[in-house]
Amino acid sequence: MKFSGRALIRRAIASYHYGIFADPFSFFCSNFHSVGHKDRSFSPKPRIDLSCINELDDAVFLFRQMVRMQPQPSVFEFTKLLQVIFKMKQYSGALQLFDEMRQWAAPIDEYTMNILINCCCLLKRIDVGFAIFGIFLKHGYEADVTTFNTLLKGLFLDGNVAEAEKLFKKILTLKLCEPDDVTILTAIDGLCKAGRVHTARDLLLLLEKTIYKPDVKAYSAVIDCLCKCRMVDNALELKSRMIDKGISPTVVTYSSMIQGLCNFGRWKEVKDLLNEMVDHKIYLTVVTFNILVDAFCKEGNVKEAEDVLKIMKQQNISPVIVTYNALIDGYCLQGKMDKAKEVFDSITGNGLKACIISYGTLINGYCKKGKVDEALRLFLEASSKGLEHTTFTYSIMIHGLFSTGRNADGWKLYKDMEARHVPPDLYTCNILLEGLCKTQQIADAFLFLRAMEDKGLNPNIVTYGILINGLCKDGKLVEAKNILNELPSKGLKPNIKIYTVILGSLCREGCVDEAKDLIVNMERSGCAPDSVMYNSIIQGLLKKKEVYKAIPFLEDMHKRGFYADASTSSLLINHMQGSNKDDILMEMMKKVVPKL
């Protein structure tokens with residue numbers, strides 16, 4: 001079929017600068033499974049039976065039979081074959097097969113083009129997608145709305161948001177095709193997923209004024225993104241707006257808003273939305289119930305979460321593994337490990353299988369309670385059941401071992417993690433780094449830091465805080481101060497914990513004036529002192545019996561409205577009981593020691 005507007009479309013896509021390759025499919029050759037004649041018996045009149053295709057090789061063999069048939073099968077049969085390969089997610093194979101189709105002059109049409117462009121999009125090779133688009137246009141094939149929807153999706157998947165916006169505007173202004181609901185949703189959802197929520201909302205409001213009216217899915221996409229960006233009030237306003245325009249929200253719309261409100265603990269408004277759903281006969285799905293269960297658990301209201309679970313079952317909605325994982329997490333957060341284990345054990349009885357997240361959540365709970373042996377038993381059990389441990393499960397187990405002084409076991413587990421090619425993240429490495437620093441292995445800690453950087457992990461403020469703390473405890477204050485001074489050049493801002501460690505060390509070393517100067521500098525850099533910092537400094541001086549050096553810090557503490565904590569108060573009281581009357585100190589104690 002000839003395409004009368006080919007020049008218009010070529011002009012529209014010219015700005016993308018995607019080259020048409022001499023062999024645009026060479027990229028995929030290495031992934032293609034070739035099948036020789038010696039591998040299969042050949043029939044001169046093979047029957048086209050797509051049901052026999054179980055893998056890519058089967059499809060390739062059938063294709064090579066089809067091109068030898070006389071008469072040759074219709075384009076419909078070849079397109080069906082490509083569709084089968086697409087559904088097998090063998091996108092590279094589909095593209096390579098198209099290259100053979102061209103060589104054999106097999107029949108192709110617009111449906112062929114759309115399948116192939118979709119393959120490119122899912123491979124995040126939109127450049128090849130535009131190359132295929134160009135090839136079809138040159139041969140007179142017509143692009144339809146599906147073609148442009150696919151190209152639009154591909155640009156967003158490839159992270160090319162600006163080009164996607166340009167293409168969408170050209171579709172509207174140059175009338176390259178008649179946009180449908182999918183076109184609008186692809187553009188709006190793509191913007192939302194790229195974090196461009198304001199642009200997505202503006203586009204939605206703009207489209208309201210045109211003939212291309214957004215549907216409920218488009219509104220729901222923006223509402224969901226607003227809620228995820230913690231702009232719940234804007235989401236509620238948009239919901240009201242869509243209702244005013246005669247568009248009824250769906251359970252998806254309501255679920256997004258319920259999640260957003262739950263994140264802020266706005267339970268009354270959650271209840272209002274649930275009542276609204278009942279009034280409009282919109283039934284809760286398992287997703288909505290899971291949001292409520294998870295939110296109650298995170299709030300510490302596990303009883304309410306259990307009540308939601310009962311309602312689910314009464315409404316014949318079967319809880320899924322996500323539901324049970326949320327409950328397990330809720331009990332773990334409360335330290336009720338017996339109840340958490342009870343829920344974990346009930347998973348199998350309810351016809352489900354515990355996943356690695358179920359194990360990870362329970363392992364984390366046991367580690368936080370100091371029950372590392374029980375956590376390790378579960379860790380090994382997960383492996384024995386064929387579940388693959390993740391970076392998270394390895395990290396929490398390693399942390400549990402280190403926190404109970406089982407450093408050797410922790411390092412052994414880390415070696416196992418490396419052997420199984422599970423990549424450590426920054427959290428994992430910080431755990432190991434802290435283990436080295438706590439055992440005064442500072443030189444090894446710096447070697448490990450370099451190894452982290454070699455693996456592409458960029459140390460964060462927590463990493464440097466661990467090193468500074470380790471250096472201070474090892475009496476290497478000069479090195480610790482050097483790291484502190486280098487942080488701004490690394491794009492990092494020291495936090496109050498780091499300053500507190502350095503200040504404590506300065507006071508212990510008798511460098512009180514330097515400590516005072518550092519407090520001034522930290523305030524200038526935008527880091528305000530807190531009560532913990534002052535208590536730490538004062539305790540260090542009192543333990544060294546340097547009471548009079550502590551008095552200026554006590555005065556500053558009082559001026560800032562801070563109070564002595566239990567440890568500081570005890571040290572001050574002990575000093576007063578074991579010395580002559582000190583009126584100045586007594587007056588200061590009355591100001592900073594609670595209930596004295």
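Trainee: How are α24 and α25 oriented to each other, roughly parallel or roughly antiparallel?

Mentor: Bear in mind that this is a predicted model. Two packed helices are described by the angle between their axes and the distance between the axes. Helix α24 covers residues 442–454 and helix α25 covers residues 461–473; their axes come within 11 Å and cross at roughly 165°. An angle over 145 degrees counts as roughly antiparallel, and α24 and α25 are therefore roughly antiparallel to each other. Their crossing is left-handed.

The side of α24 that takes part in the contact is made of Ile 442, Ala 445, Phe 446, Leu 449, Met 452 and Glu 453. From α25, the partners are Thr 463, Tyr 464, Leu 467, Gly 470 and Leu 471. Sorted by class, the contact between α24 and α25 has 8 nonpolar, 2 polar and 1 charged residues.

Two other helix pairs can be described in the same terms. Helix α21 (residues 391–403) packs with helix α22 (residues 407–419) at an angle of about 165°, and their axes are 7 Å apart. α21 and α22 are therefore roughly antiparallel to each other, and they cross in a left-handed sense. On the α21 side the contact is made by Thr 391, Tyr 394, Met 397, Ile 398, Leu 401 and Phe 402. On the α22 side it is made by Asn 407, Asp 409, Gly 410, Trp 411, Leu 413, Tyr 414, Asp 416 and Met 417. The residues of this contact divide into 9 nonpolar, 3 polar and 2 charged.

Then there is helix α13 (residues 251–263) with helix α14 (residues 267–279), packed at about 165° with axes 9 Å apart. That angle makes α13 roughly antiparallel to α14. The crossing of α13 and α14 is again described as left-handed. Val 251, Tyr 254, Met 257, Ile 258, Leu 261 and Cys 262 of α13 meet a set in α14 that consists of Trp 267, Glu 269, Val 270, Leu 273, Leu 274, Glu 276 and Met 277. By class, the contact of α13 with α14 has 11 nonpolar, no polar and 2 charged residues.

Some local details lie elsewhere in the chain. The structure holds 32 salt bridges. One of them joins Glu 77 to Lys 80, with the closest N and O atoms 3.8 Å apart. Both residues sit in helix α3 (residues 75–87), and because they are 3 residues apart there, about one helical turn separates Glu 77 from Lys 80.

As for the backbone, most residues other than glycine have a negative phi, and most peptide bonds are trans. The peptide bond from Gln 70 to Pro 71 is cis, with omega near 0°. Pro 71 lies in the loop between α2 (56–66) and α3. Ala 105 is not a glycine, yet has a positive phi of about 60°. Ala 105 is placed in the loop between α4 (91–103) and α5 (110–122).

Finally, a word on confidence. The chain averages a pLDDT of 89, and 91% of the residues score at least 70. Over residues 1–45, however, the pLDDT is below 50. Beyond near neighbours in sequence, that stretch has 95 contacts in the model.

Definitions and conventions: Residues numbered from 1 in each chain as written. Predicted model: local features only at pLDDT ≥ 70, side-chain atom pairs only at ≥ 80, totals over all residues. Heavy atoms only, no water. pLDDT = per-residue confidence, 0-100. Contact = heavy atoms within 4.5 Å. Axes fitted to C-alpha atoms, helices over the stretch in contact; angles between N-to-C directions. Helix = DSSP H or I, 4+ residues; strand = E, 2+ residues; numbered from the N terminus. Parallel < 35°, antiparallel > 145°, perpendicular 65-115°, else oblique. Left-handed = near helix turned anticlockwise from the far one by under 90°. Nonpolar A, V, L, I, M, F, W, Y, C, P; charged D, E, K, R; others polar. Salt bridge = Lys/Arg side-chain N within 4 Å of Asp/Glu carboxyl O.
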